[in-house]
Amino acid sequence: MTMGTLRIWRAFEFINAWIPYNIYIDEKFVGKLRKNGELNFSLPIGLHTFEVKIGWCSSPRYEFSIQEEQEILLEICTSRIFEKIFLVLIILAVLFYLFRNTYTHAFLIFSASTFSTLFLIFWYTTFYRRRFLWIFRLE
């Protein structure tokens with residue numbers, strides 16, 4: 001039987017750095033991928049599906065066709081939208097800490113902003129949980 005190769009690569013990211021990603025090929029669990037990690041799989045030629053999960057969040061299902069002796073390289077990363085929301089939360093938390101004993105008006109603004117950011121994280125991981133991780137095909 002002729003085979004092709006699927007290479008999966010994960011770069012280091014601050015968010016989820018210490019949590020391994022669960023890798024599914026054709027809806028079957030095939031392994032865990034850690035930060036700066038790479039996995040290689042030999043697959044029979046034809047149509048396949050690929051999905052990555054972390055907790056209850058995941059990537060969209062990625063369909064690909066592999067040919068004889070073909071090598072496909074996929075990169076997995078956290079959604080850039082979530083990264084930006086998380087970065088805003090960290091900045092707000094630092095500002096909140098720095099100005100906690102100063103102006104009441106500033107304290108209320110930082111409190112409202114922090115609550116809004118926490119709400120966005122909850123909303124994103126609940127309603128966009130199937131878009132939490134992204135898959136890119138590298139050529």
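Me: What does it take for a charge to sit over a ring?
Reply: NZ of Lys or CZ of Arg must be within 6 Å of the ring centre and within 35 degrees of the ring normal. The model here is predicted. In this model, arginine 10 lies over the face of tyrosine 21, at 3.6 Å from the ring centre.

Me: Which ring does lysine 53 lie over?
Reply: Lysine 53 lies over the face of tyrosine 24. The distance from the ring centre is 4.7 Å.

Me: How many aromatic pairs does a search of the whole structure find?
Reply: The search finds three. A pair of aromatic rings is described by the distance of the centres and the angle of the planes. Take tyrosine 24 and phenylalanine 29: the centres are 5.6 Å apart and the planes meet at 65°, so this pair is edge-to-face. Phenylalanine 29 is partly exposed, at 46% relative accessible area. Tyrosine 62 and phenylalanine 64 form a stacked pair, with 6.1 Å centre to centre and 25° between the planes.

Me: Are tyrosine 62 and phenylalanine 64 buried or exposed?
Reply: Tyrosine 62 is buried, and phenylalanine 64 is buried too.

Me: Now the overall layout. In what order do the elements of the protein chain run?
Reply: From the N terminus on, they run β-β-β-β-β-β-β-β-α-α-β. That gives nine strands and two helices. Of the contacts with a separation of 6 or more, 68% are between residues 24 or more positions apart. The chain has 139 residues, and 38% of them count as buried. Its accessible surface comes to about 8700 Å², with 64% belonging to carbon and sulfur atoms.

Me: How do I read the two faces of a strand?
Reply: In a regular strand the side chains alternate between the two faces of the sheet. Strand 1, residues 3–10, is the case to look at. Gly4, Leu6, Ile8 and Arg10 make up its covered face. Met3, Thr5, Arg7 and Trp9 make up the uncovered one.

Me: Which strand runs antiparallel to strand 1, and which runs parallel?
Reply: Strand 4 (residues 38–44) runs antiparallel to strand 1, and seven bridges join the two. Here methionine 3 stands opposite proline 44. Strand 8 (residues 71–78) runs parallel to strand 1, joined by six bridges. There threonine 5 stands opposite glutamate 71.

Me: What does isoleucine 23 touch, not counting residues up to four places away in sequence?
Reply: Its contacts include Ile8, Phe29, Val30, Leu33, Leu39, Phe41, Phe50, Val52 and Ile76. Lys28 and Glu51 are also among them.

Me: Where is threonine 49, and is this residue buried or exposed?
Reply: Threonine 49 is in strand 5. At 15% relative accessibility, threonine 49 counts as buried, because the cut-off is under 20%. Beyond its sequence neighbours up to four places away, threonine 49 touches residues including Tyr24, Asp26, Glu27, Tyr62 and Phe64.

Me: How should I read a positive phi?
Reply: Most residues other than glycine have a negative phi, and most peptide bonds are trans. Aspartate 26 has a positive phi, near 55°. Glutamate 27 has a positive phi as well, near 65°. Aspartate 26 lies in the loop between strand 2 and strand 3, and glutamate 27 is found in that loop too.

Me: How exposed are aspartate 26 and glutamate 27?
Reply: Aspartate 26 is partly exposed, at 32% relative accessible area. Glutamate 27 is exposed, at 59%.

Me: One more loop. Where is isoleucine 45 found?
Reply: Isoleucine 45 is in the loop between strand 4 and strand 5. This residue is partly exposed, with a relative accessible area of 43%. Leaving aside neighbours within four places in sequence, isoleucine 45 is in contact with Thr2, Ile66, Gln67 and Glu68. Its C-alpha atom is separated by 7.3 Å from that of serine 65, which is 20 residues apart along the chain.

Notes: Residues numbered from 1 in each chain as written. Predicted model: local features only at pLDDT ≥ 70, side-chain atom pairs only at ≥ 80, totals over all residues. Heavy atoms only, no water. Buried < 20%, exposed > 50% of the residue type's maximum accessible area, 1.4 Å probe, protein only. Helix = DSSP H or I, 4+ residues; strand = E, 2+ residues; numbered from the N terminus. Pairing = 2+ DSSP bridges. Phe/Tyr/Trp six-rings, centres within 6.5 Å; stacked < 30°, edge-to-face > 60°. Contact = heavy atoms within 4.5 Å. Areas by Shrake-Rupley, 256 points an atom, 1.4 Å probe, with all protein chains shown as cover.
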